[in-house]
Amino acid sequence: IGNPQRFFTHMPTATLTPHTEMINDLLKLAVDSGVSDVIIKANKPGYVRLAGKLKPVDMDPITSPEADAFVTEHVPKIFRPRWDDEGQVDFAYSFEGVGRFRVNAFHQRGLVSIVMRHIKSTVPTFAQLGLGETENALIKLSQAKDGILLVCGATGSGKSSTMAAMMNWINHNLDKHIVTIEDPIEYTFQDEKSLFQQREIGLDVPNFGLAIKAVLRQNPDIILVGEMRDRETFETAISAAETGHLVFSTMHAGTVAQSLTRLFEFFPAEEVVQARRAIAGTLRGFICQKLVPTIEGTGRVPVNEILSADATVRNLILEGQNEKIQGLLESNADSSTFSFNKDLYRLIKAGRISKQDGLKFSPNPQQLEMNLKGIFIKS
């Protein structure tokens, strides 16, 4: 990645401190280059993640005092004690004419590091994300009247963008009152057919717990929770689902099977039977996602594993037969339930990803190899 000093006309120097000007240059270069993340480590040049690959930027190193000064200058006042006392903080940063960024600042070995993720100003559509045939399954899930929908994947797998695309479809097609609880707000929505209330932790409400407790009194049809982080959040989601609300959230889990296991980890062993009933009654589906390099090597395409919780799935959860879910994903003929291998197979056959990358990202490469030879599990 080139030197940012060669690319930009700076804002007047009187309006910017040198450390802010330097980091803004780096951010502008990143956005112009289609970068997803910017990583700043003290006494190193900036690094960016482009199409999933980490690349250094040709620039002078950023010192720890410079990184610290940037955070101190731009962290919202309400978060300043967290930065001073805890040594880490999340906040949103906007650079006019370039965009918004989700910022995580932290200390490592006594020095300041910053990771900044570009949040695109336009809420994505399904078509813009390149979801292909997956779009129909997501539209079907978006029309659920109540229950819990979880978008899962590793950090940087596009969970937030996929969930935003689902919100975007709802916004243009359904009249819903949507309350979001985010830390920080990522995509900002303009009201179309739906009405959005977006609450940011620390700015609009002091903490996550208070926001969760209050949300059911705010007359929502749909509740979006930035992350399913603990038992309290999940139990509130269950309560909301049981009283006729649709709850969207994200979770860090690689596959549908791992996602289901993580839900049960919120409960102690003596409450698992009760948890099965609650989850079976409220779960509407899992959308698990990975990003795989395109065959041209110029970008990445989302690959999905989707479970739509029908009567069969609910019975398996109730009976504690979670291990049978994977077989159902592989063999189900329903277009709204399918495994990663089914989606990888589709993308390989369509020439969008290579066989090598498909096998690399498959949770079961031996089975994908069989699929590519025309051998499938019977429904």
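The dialogue below goes from confidence to helices, strands, backbone angles and a pocket.

Reader: What is the mean pLDDT of the protein?

Author: This is a predicted model, in which local features need pLDDT of at least 70, side-chain atom pairs count only at pLDDT 80 or more, and totals for chains, interfaces and linings use all residues. Residues are numbered from 1 along each chain as its sequence is written, and side-chain values use heavy atoms, with hydrogens and water left out. The term pLDDT denotes the predictor's confidence in each residue, from 0 to 100. Its mean over the protein is 90, and 96% of the residues reach 70 or more.

Reader: Which residues of helix α2 are buried, and why do they lie on the same side?

Author: An α-helix has 3.6 residues a turn, so residues three or four places apart point the same way. Buried means under 20% relative accessible area, exposed over 50%, and partly exposed in between (1.4 Å probe, protein chains only). In α2 (residues 64-74), the buried residues are Ser64, Ala67, Phe70 and Val71. They are on the same side of α2 because they cover an arc of only 130° around the axis, the arc being that of the directions from the helix axis to the C-beta atoms. Their cover includes α1 (18-32), α3 (80-86), β4 (88-95), β5 (99-108) and β6 (111-119).

Reader: Which residues are buried in helix α15, and what covers them?

Author: Helix α15 (residues 365-372) buries Gln367, Leu368, Asn371 and Leu372. Seen down the axis, these residues fall within an arc of 145°, so they line one face of the helix. Among the elements that cover them are α12, α13 and α14 (355-361). Just after α15, Gly374 takes a positive phi of about 90°.

Reader: What contacts does Phe101 make beyond its neighbours within four places in sequence?

Author: Phe101 belongs to strand β5 and is buried, with a relative accessible area of 1%. Beyond those neighbours, Phe101 touches Leu27, Val31, Phe91, Ala92, Tyr93, Met116, Arg117, His118 and Ile119.

Reader: Is Met116 buried or exposed, and how far is it from Asp37 in space?

Author: Met116, in strand β6, counts as buried at 1% relative accessibility. From C-alpha to C-alpha, Met116 and Asp37 are 5.6 Å apart in space, although 79 residues separate them in sequence. Leaving aside neighbours within four places in sequence, the contacts of Met116 include Phe70, Phe101, Ser36, Asp37 and Val38.

Reader: Which peptide bond is cis, and where do Ala51 and Asn219 lie?

Author: The bond joining Asp183 and Pro184 is cis, with omega about -5°; Pro184 lies in the loop between β8 (177-182) and β9 (195-200). Ala51 has a positive phi of about 50° although it is not a glycine. Its place is the loop between β2 (47-50) and β3 (53-56), where Ala51 is partly exposed at a relative accessible area of 26%. Asn219, also not a glycine, has a positive phi near 55°. This residue is in the loop between α7 (208-215) and β10 (222-225), and Asn219 counts as exposed at 61% relative accessibility.

Reader: How much space lies in the second largest pocket, and which residues are closest to its centre?

Author: On a 1 Å grid over the protein atoms alone, a pocket is an open set of points where a 1.4 Å probe fits, with protein on both sides within 12 Å along at least five of seven lines; lining residues have an atom within 4 Å of a point. The second largest pocket holds about 250 Å³ of space, the volume being that filled by probe spheres set on the points. Of its 15 lining residues, Glu133, Ser335, Phe338, Lys342 and Arg346 are the closest to the centre. Helices α5 (134-142) and α13 (340-349) are the elements that give two or more residues to this lining, and α13 supplies the largest share, 4 residues.

Key: Contact = heavy atoms within 4.5 Å.
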